Amino acid sequence: MRDPATLGDMTELRAEVDATVAALCDRMAHRARLISRAAELKKANGWPARIGGRVDEVIDNARRNAEAQGWDPELAEVLWRELVEWSIEREKAALGRE
């Protein structure tokens, strides 16, 4: 990850943006695999896909992490709420439940 101030032109900047997108996609794919494993563990324990307190905890963590990084916590919350809902739907499908 390069400091944006060191990028001398748009070609370098675009390359860094593209590298960042690739890294984010890698991390999101890893998170999706974690969600698949969570569904397996929940199924084995008879747990539901949605665990309310955990949803709030994930959103709070996203906001706190965004703020610590100087990023918009409101945007982080919107994105993570969407991601959490996608994850819950994925778990429901894996659990065979609504």
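**Exercise 1.** In which hand of crossing does H1 pass H3? Describe how these two helices pack.

*Solution.* The structure is a predicted model.

Step 1. Two packed helices are described by the angle between their axes and the distance between the axes.

Step 2. For H1 and H3, the axes come within 9 Å and cross at roughly 45°.

Step 3. Angles under 35 degrees count as roughly parallel and 65 to 115 as roughly perpendicular. H1 and H3 are therefore oblique to each other.

Step 4. The crossing in which H1 passes H3 is right-handed.

Step 5. On the H1 side, the contact is made by Met28, Arg31, Ala32, Ile35, Ser36, Ala38, Ala39, Lys42 and Lys43. H3 contributes Leu83, Val84, Trp86, Ser87, Arg90, Glu91, Ala94 and Leu95. Sorted by class, this contact of H1 with H3 holds 10 nonpolar, 2 polar and 5 charged residues.

**Exercise 2.** At what angle do H2 and H3 pack, and how far apart are their axes? Identify the residues in contact.

*Solution.*

Step 1. The packing angle of H2 and H3 is about 145°, and their axes are 9 Å apart.

Step 2. H2 and H3 make a right-handed crossing.

Step 3. From H2, the residues in contact are Val55, Val58, Ile59, Ala62, Arg63, Ala66 and Glu67. From H3, they are Pro73, Glu74, Ala76, Glu77, Trp80, Arg81, Val84 and Ile88.

Step 4. The classes in the contact of H2 with H3 are 10 nonpolar, no polar and 5 charged residues.

**Exercise 3.** How many residues line the largest pocket, and which of them lie nearest its centre? Determine which elements supply the lining.

*Solution.*

Step 1. The space in the largest pocket amounts to about 910 Å³.

Step 2. Its lining consists of 27 residues, and those nearest the centre of the pocket are Met28, Arg31, Val58, Ala62 and Trp80.

Step 3. Two or more lining residues come from each of helix H1 (10-45), helix H2 (52-68) and helix H3 (73-95). H1 gives the largest share of the lining, with 9 residues.

Step 4. Divided by class, the lining of the largest pocket comprises 16 nonpolar, 5 polar and 6 charged residues.

Definitions and conventions:
Residues numbered from 1 in each chain as written. Predicted model: local features only at pLDDT ≥ 70, side-chain atom pairs only at ≥ 80, totals over all residues. Heavy atoms only, no water. 1 Å grid on protein atoms, 1.4 Å probe; cavity = no way out; pocket = protein on both sides within 12 Å on 5 of 7 lines; lining within 4 Å. Points joined across faces, edges and corners; volume = space filled by probe spheres on them. Helix = DSSP H or I, 4+ residues; strand = E, 2+ residues; numbered from the N terminus. Nonpolar A, V, L, I, M, F, W, Y, C, P; charged D, E, K, R; others polar. Axes fitted to C-alpha atoms, helices over the stretch in contact; angles between N-to-C directions. Parallel < 35°, antiparallel > 145°, perpendicular 65-115°, else oblique. Left-handed = near helix turned anticlockwise from the far one by under 90°. Contact = heavy atoms within 4.5 Å.
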